[in-house]
Amino acid sequence: MAVQVMANEADPIGELIGAGQHREALAACARAYGQPLGRLCMAFLGSQGDAEEAVQETLLAAHAAFAGYRGDGTVKAFLYGIARRVCARRLEGRRRDQRLLEVVAEAVDQLDRQCVAGIGPVQGDGGNTPGDVEQRGGH
């Protein structure tokens with residue numbers, strides 16, 4: 001005789017979400033999963049500060065998504081999925097920022113090389129600074 005075990009036994013946080021008690025569910029999520037989410041985010045991001053911010057962003061996103069939560073999986077899996085997406089977005093932002101810094105550094109290096117070679121910006125291009133205007137008695 002086979003015994004069936006329910007995969008999703010009573011989940012108090014899931015019940016809170018289902019009952020529309022989203023604030024209480026959010027507080028329960030923070031208590032139950034805050035530290036494990038922090039460890040997951042730390043593993044992805046490598047920075048305690050970034051991990052803490054990612055956990056906060058995860059919990060806020062979860063709260064916003066509670067209305068559409070169907071309860072197909074566990075609340076833990078729901079939260080971990082959100083945390084993975086939050087961390088992935090943060091890592092992509094870092095990559096974008098790094099590429100931008102590399103482009104700026106390359107442009108500055110190129111400008112430095114041009115200046116050293118004597119082909120840089122032209123001096124005395126007719127631009128007036130406020131001091132120039134005052135020296136000539138203008139306004």
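Biologist: Why does Leu 100 count as exposed?

Modeller: This is a predicted model, and in it Leu 100 has a relative accessibility of 53%. The cut-off for exposed is over 50%, so Leu 100 counts as exposed. Leu 100 lies in helix H4, which covers residues 75-116. Together with Val 104 and Val 108, Leu 100 makes a nonpolar surface patch of about 260 Å².

Biologist: Why might residues three or four places apart on a helix point the same way?

Modeller: An α-helix has 3.6 residues a turn, so residues at that spacing point the same way.

Biologist: How do you know that the span of H4 agrees with its number of residues?

Modeller: H4 has 42 residues, which at 1.5 Å a residue should span 62 Å. After H4 comes Gly 118, whose phi is positive, near 85°.

Biologist: What makes the pair of Arg 94 and Asp 50 a salt bridge?

Modeller: A side-chain nitrogen of Arg must lie within 4 Å of a carboxyl oxygen of Asp or Glu. The closest N and O atoms of Arg 94 and Asp 50 are 2.5 Å apart, so the pair meets that cut-off. This pair links distant parts of the chain, with Arg 94 in helix H4 and Asp 50 in helix H3 (residues 48-65), 44 residues apart. A search of the whole structure finds 7 salt bridges.

Biologist: Why are Arg 94 and Asp 50 called partly exposed?

Modeller: Partly exposed lies between the buried limit of under 20% and the exposed limit of over 50%. Arg 94 has a relative accessible area of 33% and Asp 50 one of 23%, so each is called partly exposed.

Biologist: What makes the contact between Arg 90 and Glu 53 a salt bridge?

Modeller: Their closest N and O atoms are 3.5 Å apart, and the cut-off is within 4 Å, so the pair qualifies. Arg 90 in helix H4 and Glu 53 in helix H3 are 37 residues apart. Arg 90 has a relative accessible area of 24% and is partly exposed; Glu 53, at 43% relative accessibility, also counts as partly exposed.

Biologist: Which other residue forms a salt bridge with Arg 90, and what parts does that pair tie together?

Modeller: Glu 57 does, with the closest N and O atoms 3.3 Å apart. Glu 57 lies in helix H3 and Arg 90 in helix H4, so the pair ties together parts that are 33 residues apart in sequence. At 30% relative accessibility, Glu 57 counts as partly exposed. Glu 53, Glu 57, Arg 89 and Arg 90 are linked in a network of salt bridges.

Biologist: How do you know whether Thr 58 is buried or exposed?

Modeller: The relative accessibility of Thr 58 is 0%, and buried means under 20%, so Thr 58 counts as buried. Thr 58 is placed in helix H3. Beyond residues up to four places away in sequence, Thr 58 touches Leu 37, Leu 79, Ile 82, Ala 83 and Val 86.

Biologist: Which residues of H4 are buried, and what do they pack against?

Modeller: The buried residues of H4 include Leu 79, Ile 82, Ala 83 and Val 86. The buried residues of H4 pack against helix H1 (12-18), helix H2 (22-45) and H3.

Key
Residues numbered from 1 in each chain as written. Predicted model: local features only at pLDDT ≥ 70, side-chain atom pairs only at ≥ 80, totals over all residues. Heavy atoms only, no water. Patch = residues over 30% accessible without salt bridge, like charges linked within 9 Å, V, L, I, M, F, W, Y side chains within 5 Å. Areas by Shrake-Rupley, 256 points an atom, 1.4 Å probe, with all protein chains shown as cover. Helix = DSSP H or I, 4+ residues; strand = E, 2+ residues; numbered from the N terminus. Buried < 20%, exposed > 50% of the residue type's maximum accessible area, 1.4 Å probe, protein only. Contact = heavy atoms within 4.5 Å. Expected span 1.5 Å × (residues − 1).
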